[in-house]
Amino acid sequence: EFLSPWGLRSLSKEHDVNPFRFADQEVRYEPGEADVKIMGGNSNWRGPVWFPTTYMMIEALRIFGEVYGPRLVVPMAGRSGPPVSLGQVAEDLANRLIRIFTRDACGRRPVHGERRQFQEDPYWRDLILFHEYFHAESGEGLGASHQTGRTGLVASLIDEWRRPSE
């Protein structure tokens, strides 16, 4: 419910089909920009991937993985997935965040979404912005584009989790 191709959703995808009510408002999963502002403010916590929360989960899983080692395993792909160690879950999450910024097989970076200038122009395509949060289904960068203090954590993830051959 929370695992996205790009990290951890800030709200379970279950609420896409089963919204709940809070303070006379319907709260439903929204993977990107919120359609409805709750209580007049920013409601973009209802589904997008936020770098700091996924990063904190990666670090917690890494630490617990070191403590418990390979003895403690959990299903990776929901309840039916094959069991993996906590360290493997941390590595998978780290690589999901890293993939937001790397080129796919077609040479496109998910962070740039449909912004043609950033995807295609040789002078712009290597300019990578560190957005505030990311669309949980596409990986597109959303919100402020200068969040180097939090989204810049990707440098630490690359340093710790990427193998030299990647």
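## Basis of the description

The model is predicted, so local features need pLDDT of at least 70 and side-chain atom pairs count only at pLDDT 80 or more, while totals for chains, interfaces and linings use all residues. Residues are numbered from 1 along each chain as its sequence is written, and side-chain values use heavy atoms, with hydrogens and water left out.

## Helix α2 and its surroundings

Helix α2 covers residues 86-99 and has 14 residues; helices here are DSSP runs of H or I with at least four residues, and strands are runs of E with at least two, numbered from the N terminus. From its first C-alpha to its last α2 reaches 20 Å, close to the 20 Å expected at 1.5 Å a residue, the expected span being 1.5 Å times one less than the number of residues.

Because 10 of its 14 residues are buried, α2 is largely enclosed by the rest of the structure (buried means under 20% relative accessible area, exposed over 50%, partly exposed in between, with a 1.4 Å probe and protein chains only). Among these buried residues are Leu86, Glu91, Asn95 and Arg96, and their cover includes the helices α1 and α4 as well as the strands β1, β2, β5 and β6.

## Packing of α1 against α2

The axes of α1 and α2 lie 7 Å apart at an angle of about 155 degrees, where axes are lines fitted to C-alpha atoms, for helices over the stretch in contact, and angles run from 0 to 180 degrees between N-to-C directions. That makes α1 roughly antiparallel to α2 (under 35 degrees counts as roughly parallel, over 145 as roughly antiparallel, 65 to 115 as roughly perpendicular and the rest as oblique).

## Packing of α1 against α4

Helix α1 (residues 51-68) also packs with helix α4 (residues 154-161), at an angle of about 30 degrees and with their axes 11 Å apart. That makes α1 roughly parallel to α4. Phe51, Tyr55, Ile58, Glu59 and Arg62 of α1 make this contact with Val154, Ser156, Leu157, Glu160 and Trp161 of α4.

Thr151 is found in the loop between β8 (141-142) and α4, and at 0% relative accessibility Thr151 counts as buried. Leaving aside residues up to four places away in sequence, Thr151 touches Phe51, Phe101, Phe130, His131 and Phe134. The C-alpha atoms of Thr151 and Ile58 are separated by 14 Å, with the two residues 93 residues apart along the chain.

Conventions
Contact means heavy atoms within 4.5 Å.
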